[in-house]
Amino acid sequence: MASESKKMGLTGLTILVAVNMMGSGIIMLPASLAQIGAISILSWIVTALGSMCIAYTFAKLGAYCKRAGGMSAYSAEAHGPSSFFIASYTYYICLVISCVAIAVSAAGYLAPFLPWVKSSPMHTFATVVAILVLTMVANFKGPRVTGRISSITVWGIIIPVAGLSVIGWFWFKPELYMAAWNPHGAATGSAISSGISLTLWAFLGIESAGANSDTVENPERNVPLACLFGTGFAAIVYIASTSVIQGIVPNTQLATSDAPFGLVFSMMFSPAVGKFITALAVIACIGSLLGWQFTNAQVSKAAADTTLFPAVFSKVTKDNAPIPGMIIMLVLELLLASMTISPNLLKQFNLLLNLAVFINMVPYVLAMTGLQVMLRKNHVTQSQYILGSLLGTVAVVYSIYGVYACGEVAVYGGSIITMFGYIFYGYLAGRETEFQMTHPGEKHFPTH
């Protein structure tokens, strides 16, 4: 355990939370949101408030849950062992989808350098496949290499996005922004719902905010505060950058761009600067994809270590890399990429985004509904219980609203994917029953 003098303070943890959350999630959103209009700022405000409630809830869950498993362990507190598996399974599937979406983003930002990427859907698909394969192979050297690369490359998107949110206002034209306010004349409520899944995508990863409590000074106070402050800071940068860009780039041009941040810097400075920002975004996407692919390999390894996933996922090399599990994940990613091929990169990105957000809300809801159980187990005061329950309930309701906002196609496809998880769990439960019959009192996988 780290000594108090070496532990992280509130400021350091707040920065860590914000950086982990921002990553490459924002990279294609200005173009997606431009299809709704500048009215999408209302979606950002709703999402920022909902995400802060989610951040607070996960911070409390992380502080009170003393066993490994993250969201899966939280969900088991309220729903038992089956939810431990379903939370692990859906989170794994969500990360597979997210990796493909990030690869699509990288392909879009590569197009200015390699025009043939967009010359046909098959060229686009080949580019996405190449990105997924290269980043997966890079992960074969283990967590040390992956961690170093990701911690550097993530700044390739954070610096331009944060910079735009500050200096972009010198180029901002209010009349251009107002012209883009509601280009399709949608009702306010409908416009907000249309933007919710897009804005919620940018906050995915918020569940990891409380994972560093062992290395933090006064974690009961600082972890929830850092989650709220980090989420709040990310929200401000998101809102500022996506708003200012709609007052610089005409709506029709922004709504069809595959590299919106490169486009806006080209208009603010020069095409050369725009290409430089685009190159940084490609690097950031590659680094982010590298990190998420390794994270998902670790998620499946942890599940396999408790016999919830097949044993092949737990096999590691001398570099501590679960390569067999990575190869299985790569096959799933390539299959998904082939199923979502589109002549329009932005359309493909939006389809994957909605599906990923829906799938991720399953473990979110399962995990956050375990908070009341943990509050009772830890004998908190009545006022702490009321506050935690209230904010946790708001977080769950907002997550359900996020499901609704994903649209029929994502909910339909995501529900089928989730239902298949119960088929897999049926085999696990049968195996566990047989094990208990031959080993009374012992258990294979976690229970609450």
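**View 1. Helices α13 and α14 cross in a right-handed sense.** In this predicted model, helix α13 covers residues 260–268 and helix α14 covers residues 271–305. Their axes lie 7 Å apart and the packing angle is about 155 degrees. Angles over 145 degrees count as roughly antiparallel, and α13 and α14 are therefore roughly antiparallel to each other. From α13, the contact takes in Phe 261, Gly 262, Phe 265 and Ser 266. These meet Pro 271, Val 273, Gly 274, Ile 277 and Thr 278 of α14. By class, the contact of α13 with α14 holds five nonpolar and four polar residues, with no charged ones.

**View 2. Helices α3 and α16 meet in a left-handed crossing.** Helix α3 runs over residues 41–64, and helix α16 over residues 345–368. The two axes come within 10 Å and cross at roughly 55 degrees. That angle makes α3 and α16 oblique to each other. Ile 54, Thr 57, Phe 58 and Leu 61 are the α3 side of the contact. Tyr 364, Ala 367 and Met 368 are the α16 side. The contact of α3 with α16 counts six nonpolar residues, one polar residue and no charged residue.

**View 3. Ala 63 sits in helix α3.** The relative accessible area of Ala 63 is 22%. Buried means under 20% and exposed means over 50%, so Ala 63 is partly exposed. In sequence, Ala 63 and Val 299 are 236 residues apart. In space, their C-alpha atoms are 20 Å apart.

**View 4. Helices α10 and α18 pack at an angle of about 110 degrees.** Helix α10 spans residues 188–201, and α18 spans residues 382–405. The axes of α10 and α18 are 8 Å apart. At this angle the pair is roughly perpendicular. On the α10 side, the contact is made by Ile 192, Ser 193, Ile 196, Ser 197 and Leu 200. On the α18 side, it is made by Tyr 398, Tyr 401, Gly 402, Tyr 404 and Ala 405. Seven nonpolar and three polar residues make up the contact of α10 with α18, and no charged ones.

**View 5. His 379 lies in the loop between α17 and α18.** His 379 has a positive phi of about 50 degrees, although it is not a glycine. Most residues other than glycine have a negative phi. The relative accessibility of His 379 is 70%, so this residue counts as exposed.

**View 6. Helix α5 is largely enclosed by the rest of the structure.** It has 30 residues, 81–110. Of these 30, 28 are buried. From first C-alpha to last, α5 reaches 44 Å, close to the 44 Å expected at 1.5 Å a residue.

**View 7. Helix α6 is covered by several other helices, including α5, α14, α15 and α16.** Helix α6 holds 18 residues, 121–138. Its end C-alpha atoms are 26 Å apart, in agreement with the 26 Å it should span at 1.5 Å a residue. Among its buried residues are Phe 125, Val 128, Val 129, Ile 131, Leu 132 and Met 136. Thr 124, Thr 127 and Thr 135 are buried as well.

**View 8. Helix α11 is mostly covered.** It runs over residues 219–245, which is 27 residues. Of these 27, 19 are buried. The end C-alpha atoms of α11 are 38 Å apart. At 1.5 Å a residue, it should span 39 Å, which agrees.

Key. Residues numbered from 1 in each chain as written. Predicted model: local features only at pLDDT ≥ 70, side-chain atom pairs only at ≥ 80, totals over all residues. Heavy atoms only, no water. Helix = DSSP H or I, 4+ residues; strand = E, 2+ residues; numbered from the N terminus. Expected span 1.5 Å × (residues − 1). Buried < 20%, exposed > 50% of the residue type's maximum accessible area, 1.4 Å probe, protein only. Axes fitted to C-alpha atoms, helices over the stretch in contact; angles between N-to-C directions. Parallel < 35°, antiparallel > 145°, perpendicular 65-115°, else oblique. Left-handed = near helix turned anticlockwise from the far one by under 90°. Contact = heavy atoms within 4.5 Å. Nonpolar A, V, L, I, M, F, W, Y, C, P; charged D, E, K, R; others polar.
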